[in-house]
Amino acid sequence: MKKIWTVLPLAVIALSACVTINIYFPAAEAEKAADKIIDEVWQIEKSGTVSKSDKSSSVAPEIKMEKPI
Amino acid sequence: MNNLIKFCFALFVLCVSAAASAQVNIEINTPGVVALKRSMQTRHTQLAEFYNNGAVGLTSDGLVALRDANAVPLASRQKVNGLVAAENQDRKALYTEIARANAHPEWEGDIRNTFAQRWIQRAQAGWWVQSGGSWLKK
């Protein structure tokens, strides 16, 4: 039962160490959030997908392979 | 002894889950942020003209400033000053609101710095941005 007096303080230290992770500023996440807001405020549209879809329609038809009997 | 091992394992699992939950997304979907975003969006249609002709530039502290008053005809100077003041008020409120929405009011400065960098980096060609105290055309 005395063991609890050695384990408990250790547990408290370990837990507090985990909690401290939370106070660091998540810079990468903040950058993503900022970009999202800037996109909306400046109404920046993502372009470059139109030309790709045009090309995909002109792909040659698939050749069907017949299984050897 | 066996109990001690079990306890340590439980503690380890707890720590890992706490660390995983610590990697939270930045919350930007609060009513306050959405309202500020909308207000800035409508103002941008008026401000864009002044970004383009160099009258207004993006500052290194995440705000906007009247850079060249001569680029604005005398009649609309009052209007530009009003736009700049309103925009800065919204921007400051936005940084405060995001920090508050994420339960870390002390992040405000970091959020402002992050925004300052992103505004400048994403500014369109021809706009003026502040870099190290001097103005630079993108």
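Guide: Helices here are DSSP runs of H or I with at least four residues, and strands are runs of E with at least two, numbered from the N terminus. On that basis chain B of this predicted model reads α-α-β-β-α-α-β-β along its sequence, which comes to 4 helices and 4 strands.

Visitor: What makes L36(B) a buried residue of α2(B)?

Guide: A residue counts as buried if 20 or more other C-beta atoms lie within 10 Å of its own. L36(B) is listed as buried in α2(B), together with M40(B), F50(B) and Y51(B). These buried residues pack against α2 (27-42) of chain A, and also against β1 (56-58) and α3 (77-101) of chain B. Across chain B, 24% of the 138 residues count as buried.

Visitor: How do you know what span to expect of α2(B), residues 31-52?

Guide: The expected span is 1.5 Å times one less than the number of residues. For the 22 residues of α2(B) the expected value is 32 Å, and the helix reaches 31 Å from its first C-alpha to its last, which is close to it.

Visitor: Where does α2(B) bend, and by how much?

Guide: The bend is at T45(B) and amounts to about 50 degrees. That value is the angle between axes fitted to the seven residues ending there and the seven starting there. Just after α2(B), G54(B) takes a positive phi of about 85 degrees.

Visitor: What makes α2(A) oblique to α4(B)?

Guide: Here the angle is about 55 degrees, and the axes are 9 Å apart. Roughly parallel requires an angle under 35 degrees and roughly perpendicular begins at 65, so α2(A) is oblique to α4(B). Residues in this contact include A27(A), A30(A) and I38(A) of α2(A), and D110(B), T114(B) and W119(B) of α4(B). This crossing is right-handed.

Notes. Residues are numbered from 1 along each chain as its sequence is written. Chains are lettered from A and ligands numbered from 1 in the order in which they are written. This is a predicted model: local features need pLDDT of at least 70, side-chain atom pairs count only at pLDDT 80 or more; totals for chains, interfaces and linings use all residues. A residue is buried if 20 or more other C-beta atoms lie within 10 Å of its own, exposed if 12 or fewer, and partly exposed in between; C-beta atoms are placed from the backbone. Two residues are in contact if their C-beta atoms, placed from the backbone, lie within 7 Å. Axes are lines fitted to C-alpha atoms, for helices over the stretch in contact, and angles run from 0 to 180 degrees between N-to-C directions. Angles under 35 degrees count as roughly parallel, over 145 as roughly antiparallel, 65 to 115 as roughly perpendicular and the rest as oblique. A crossing is left-handed if the near helix is turned anticlockwise from the far one by less than a right angle, and right-handed if clockwise.
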